[in-house]
Amino acid sequence: MAAAGRWRAGLALLVVALRLGAPRAEQTEEHLKREHSLSKPYQGVGSASSGLWDLQGNAMVMTQYIRLTPDVQSKRGAVWNRVPCYLRDWEMQVHFKIHGQGKKNLNGDGFAIWYTKDRMQPGPVFGSKDNFLGLGVFVDTYPNEEKQQEAQKRRYSPGNQRVFPYISAMVNNGSLTYDHDRDGRPTELGGCTAMVRNLNHDTFLVIRYVKRRLTVMIDIDGKHEWRDCIDVPGVRLPRGYYFGTSSVTGDLSDNHDIISLKLYQLTVERTPEEEKRDREVFLPVVDNLKLPGMEAPLEPMSGLALFLIVFFSLVAVVFAVVIGVIVYNKWQEQSRKHFY
Ligand SMILES: [Ca+2]
């Protein structure tokens, strides 16, 4: 239900989807935004002057897909949208394929889908920069933490274990570091297992951002059905960030292919209260989330702080004037006494 409009969107650009399961029928309009979408024949992708998407590293444009990395060790590739996205509510549908020669858990490392302030900056997080500002959704195909613990002959406590490939999401205000050795566990907003590798059918992932609610759904079983993966309310993302996707291989590798990225504008109605709640933010933040290093968002000075500074400055000025007047009067008195 509430399925994203991939199947219908091919027929018409404008689709009205009725969310049947919702308590009150809520209408959502979807509209494909070409300037933030990437699909065959990938016209102008990576060209210096024209085109909407930039290529980076080892990424290559093929006829049927964009290969972020080949199934070769130590490769890194990315593709980034050139146009910042100013939409409030959107849905990104990712058609991807991960395949390679390596046996299970002898492949890596996966890929990331980004909505971030900075673009085209290489780094250690699936080939892209750490301490990023914005959202990262990671399709992680190698269990670093588990392998490390195995090597140290330690075992996970049951219930703690995540089965890989594993999809997770992270929102960063620039202060957080992605812990690669722990597969991002300390900063994970939510996640799910997704057996996405070496499949003969198409695999899809959708990131939906509506009314500050972030949801990730997957369609990886070849049944043309969305399955819930991540659902986090109160996610505040600034507008004007860039979409991108990046991937990296290390000692282990895979082909990481992007077949398409389709960005839909979602038009939803907001009540006045929702309008107030969803007002513009300048730094990414997740409500009611306590992560190490995220407790104090670096918002611009609050109204209260500004008021207090002005108030105490005024008090200081008044105090100084009063002292001055008293001292002046005393001095005049003194000089009068002196005169007579
Ligand atoms: Ca990993």
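Reader: What is the accessible surface of the chain, and what share belongs to carbon and sulfur atoms?
Author: This is a predicted model. Its accessible surface comes to about 18,100 Å². Carbon and sulfur atoms hold 56% of that.

Reader: How many helices and strands are there in the chain?
Author: The chain has four helices and 19 strands.

Reader: What share of the residues is called buried, and by which cut-off?
Author: Buried means under 20% relative accessible area. Of the 340 residues in the chain, 46% are buried.

Reader: What share of the contacts joins residues at least 24 apart?
Author: Take the contacts between residues at least 6 apart in sequence. Of these, 71% join residues at least 24 apart.

Reader: Are N144 and D183 buried or exposed?
Author: Both are buried.

Reader: Why is Y42 called buried?
Author: The limit is under 20% relative accessible area. Y42 has 4%, so it is buried. Y42 lies in the loop between β2 and β3. Its phi is positive, about 55°, although Y42 is not a glycine.

Reader: Why does N131 count as partly exposed?
Author: Buried stops under 20%, and exposed means over 50%. N131 has 30% relative accessibility, so it falls in between. N131 is in the loop between β9 (122-125) and β10 (133-140). Its phi is near 50°, a positive value in a residue other than glycine.

Reader: What makes the K40 to P41 peptide bond cis?
Author: Its omega is near 0°. P41 is in the loop between β2 (26-32) and β3 (53-57).

Reader: Which residues does the cis bond with omega about 0° at P165 join?
Author: That bond joins F164 and P165. P165 is found in the loop between α2 and β11.

Reader: What makes a space in this protein a cavity, and how many are there of 30 Å³ or more?
Author: In a cavity a 1.4 Å probe fits but cannot get out. The count is two of 30 Å³ or more.

Reader: Which residues line the largest cavity?
Author: The lining is W80, W114, T116, K117, D118, Q121, S128, K129, F132 and L133. It divides into four nonpolar, three polar and three charged residues. Trp, Phe and Leu count as nonpolar, so W80, W114, F132 and L133 fall in that group.

Reader: How much space lies in the second largest pocket, and how many residues line it?
Author: About 370 Å³ of space lies there. The lining has 16 residues. R34, S37, L38, S39 and L52 lie nearest the centre.

Reader: How do the residues of that pocket's lining divide?
Author: Seven are nonpolar, six polar and three charged. Arg counts as charged and Ser as polar, so R34 is charged while S37 and S39 are polar.

Definitions and conventions
Residues numbered from 1 in each chain as written. Predicted model: local features only at pLDDT ≥ 70, side-chain atom pairs only at ≥ 80, totals over all residues. Heavy atoms only, no water. Helix = DSSP H or I, 4+ residues; strand = E, 2+ residues; numbered from the N terminus. Buried < 20%, exposed > 50% of the residue type's maximum accessible area, 1.4 Å probe, protein only. Contact = heavy atoms within 4.5 Å. Areas by Shrake-Rupley, 256 points an atom, 1.4 Å probe, with all protein chains shown as cover. 1 Å grid on protein atoms, 1.4 Å probe; cavity = no way out; pocket = protein on both sides within 12 Å on 5 of 7 lines; lining within 4 Å. Points joined across faces, edges and corners; volume = space filled by probe spheres on them.
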